[in-house]
Amino acid sequence: MTIDIDAIAHAATDSPRSIAPARRRKNRRSGVIVGIIAYLVTFLIVLPLLWIVLLSFQPSSNILTNPFSLTHLTFDNYLNAANALPLLRMYGNTILIAVVSVTVGTAISFMSAYALTRMVFRRRKAQSSVRYYFLAGLAVPIYILLFPVYRLDLALGIFGTFAALIIPYVAVSIPFNTLLMTGFLREFPAEIEEAAIIDGVGLWRLCWSLVLPLMRPVIATILIFNIVYVFNEFPFASILINNPDMVTVSLAVSRFQGQYTVDYGGMMAAATIVLLPQLIIYAIFQRHVIAGMTVGAVKG
Amino acid sequence: MNWVSSRSKILLMLAPTLIIFTMFVVYPVIYSGIFSFSRFQGFGNPSWIGFDNYTALLQDPFFWQSLQNTAVILVVALVILIPASFALALLLRRAIPGRGVLRALVFGPAIIAPILVGLIWVFILDPKIGLLNRVLEELGVSPIQWIGGDYLTPISVAIVFIWSSVGFAMTIFYAGLQMLPADVMEASALDGATGWQQIRFITIPMMRETFAIVTILMITNVFKIFELVYMLTGGGPVHRSETLVSYMYYVTFTNQQYGYGMALAVIITILGALVSLGYLAAVRRKEALA
C-alpha cells in the first residue's frame, strides 16, 4: 500500500552491467555532470530556507544594510522571539487539535469503512451509494465550507471552543480516509475475519484486535496525511478561532508581519522556531511522510 | 459476514461519519448554494435577490482581475512545473551519491505550512529587503517589483507555488518511473536507442496516466492558492494581485458580503471542476485519436 521509495530505488539499479570501456568512461564523466546538476538544483530549492536561517542570526540593523555579512551573528533574535511568542500555548493548542481531530476522524472513518466493505446490507445498492456519498466529498474545495461552517458553529453554540475547529477537521478528512480504507479492505480477503466470527468473536473484538492491526500501513498513511494537513491548516483556523489564547501555529505565523513590523531578525527567528521542529520531524519520518502524502494522489 | 451485520450494528458503525459528514460538508455546500442567491450581511434576514449576485460578479472588475491572475498562475505553474518536476524525477533517478537525501530535500517544501511558505518568500521577493533584489543589486541590475507592483505578483506567486510543489510532483513522477517495465528499456537500448529517444518515445508515452494525475492535482491546487497571496501582498495594491480564493475570502470575511461571497465560492468550485474535467476530456480525446 505505502510506496516504499527506497526499496523501489534499490530494486531498480541504474547502472547497466556490461558496457564497453570507452562508453563507461564517457558515462562516468557525464555522471559527474549529472551529479553536479542534481546538487545545484537541490541547493537552489533549499536556498530560501537557508536564507531565513541566516537572517535569523543577523542583528536587525544588518538585515537592511548588509544581510550577507557573517561577522556579527547574534542569538538575540531568538531570545526576543522566545519571549514574544506564546510558544507553549500555540504548540499545545495545535497538538491538542491535531491529536483529537485525527484520532476521532480515523476511528469513525474506520468504523464506517468497515461497515461499507464487510457488513451485509439488506439492500446492496444502499451500501455502495453511501460509499460514493463520502467519496464525492473529495471534489469539494474547503473554501466553499468556510462561511457555512462558521454559522453552523455559532448555531450549535460551539463557537469559541476547540470543537468549533476539530469537528470540521474531522469532517473534511472523511472522504480521503474512506477512499484509502475501503480501497484496502476491498482488496483484502475476509476469510480470517469469517473464521474468527465462527469462533465466536464479537464485532468489537473483531475490529479492534484483528482488522485494525492488519490495516496498520493504511492507518499510518492516513494519520500522517491528516496530521500534516491539520498542522498546516490556516483558512478554517483563521475564521473559527478568535480567542488569542487559542491560536494555532499557522495563526501565530500569519500574525508575525503585524507583530514584528520592522524587527525582521525577530520575525525570521520566529519563523525558524516554527520551521525547525517540523523539518526535524520530517527528517526522522521522511520516507513515511513522503509516502503518506503522495499515496492519495497515486491511489485516487 | 451475516452474523455481525444486524441493522442496528450497521447503523451504529455508520452513524458518526454520516452525521458529521452530512452536517459539516454536505449541508454547508447546499447552504452556500442557496445563500448565493441572497443578500446577507450577517444580521437580520437574508433577502432573496435571484441571480443578482452572479450578474454583479460579471460586472465586478476585481472578479475579472482575480480570475485573470488565477489563470496566469495556472499557465505559468503548469508550463514550468510539469516539465521541471518530470526532469527532476529523471535526474534524481540516476546513480548519484546521496540521491535519497536529495529527493527528501526537494520534497521538503511540500510539508511546510503554506502560510509559512508565504512568509519565507516575502524575504526573497520583497523589493526592498528581499534576497532576489539584493543579489540583482550586487550584479548591477536595478531592482524589480516582484510583489506589490502592478503586474508581476501573479508570476511571483506561481514561482512560489512551483517551489512548494515541485518535490511533490517529482515524487509522483518518480513512483511512476519505478513502475515502468525494465525490459522495454533494455530492448530499446539493445536496438540502439539513445537516452533522449528512450525518454521521448517510450517513457513519456507510457507515463501518460501519471502526467494526467500530476496535471489534475496541480490544477486543483492552483485553484486553492490563498495563503501565499495573503502573506505576500494581501491581494493588494487595490486587489491587483488577488486570486479567486483570496478575493472570495476578502469579500466574505473582510467585507462581510456573505451572499456575494457565496456566489463567488460557487463559481470557484464549478470553475475548478470544469478545468479539471476539460483537461481530462482533452486527454481522452487525444488517446482515442492516437
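Chain B carries 13 helices and two strands, where helices (H or I, at least four residues) and strands (E, at least two) are DSSP runs numbered from the N terminus. The model is a predicted one, in which local features need pLDDT of at least 70 and side-chain atom pairs count only at pLDDT 80 or more, while totals for chains, interfaces and linings use all residues. Residues are numbered from 1 along each chain as its sequence is written, and chains are lettered from A and ligands numbered from 1 in the order in which they are written.

The C-alpha trace of chain B spans about 75 × 75 × 40 Å along its principal axes. Of the 290 residues in chain B, 42% are buried (20 or more other C-beta atoms within 10 Å of the residue's own, with C-beta atoms placed from the backbone).

As for the interface, 82 residues of chain A are in contact with 77 residues of chain B, contact meaning C-beta atoms, placed from the backbone, within 7 Å. On the chain A side, helix 2 (residues 21-56) gives the largest share, 13 residues. That side splits into 65 nonpolar, 13 polar and four charged residues (Ala, Val, Leu, Ile, Met, Phe, Trp, Tyr, Cys and Pro are nonpolar, Asp, Glu, Lys and Arg charged, and the others, Gly among them, polar).

Within chain A, the axes of helix 8 (residues 163-187) and helix 11 (residues 216-232) come within 10 Å and cross at roughly 155 degrees; axes are lines fitted to C-alpha atoms over the stretch in contact, with angles from 0 to 180 degrees between N-to-C directions. Helix 8 of chain A is therefore roughly antiparallel to helix 11 of chain A (angles over 145 degrees).

How values were computed
Two residues are in contact if their C-beta atoms, placed from the backbone, lie within 7 Å. A residue is buried if 20 or more other C-beta atoms lie within 10 Å of its own, exposed if 12 or fewer, and partly exposed in between; C-beta atoms are placed from the backbone. Angles under 35 degrees count as roughly parallel, over 145 as roughly antiparallel, 65 to 115 as roughly perpendicular and the rest as oblique.
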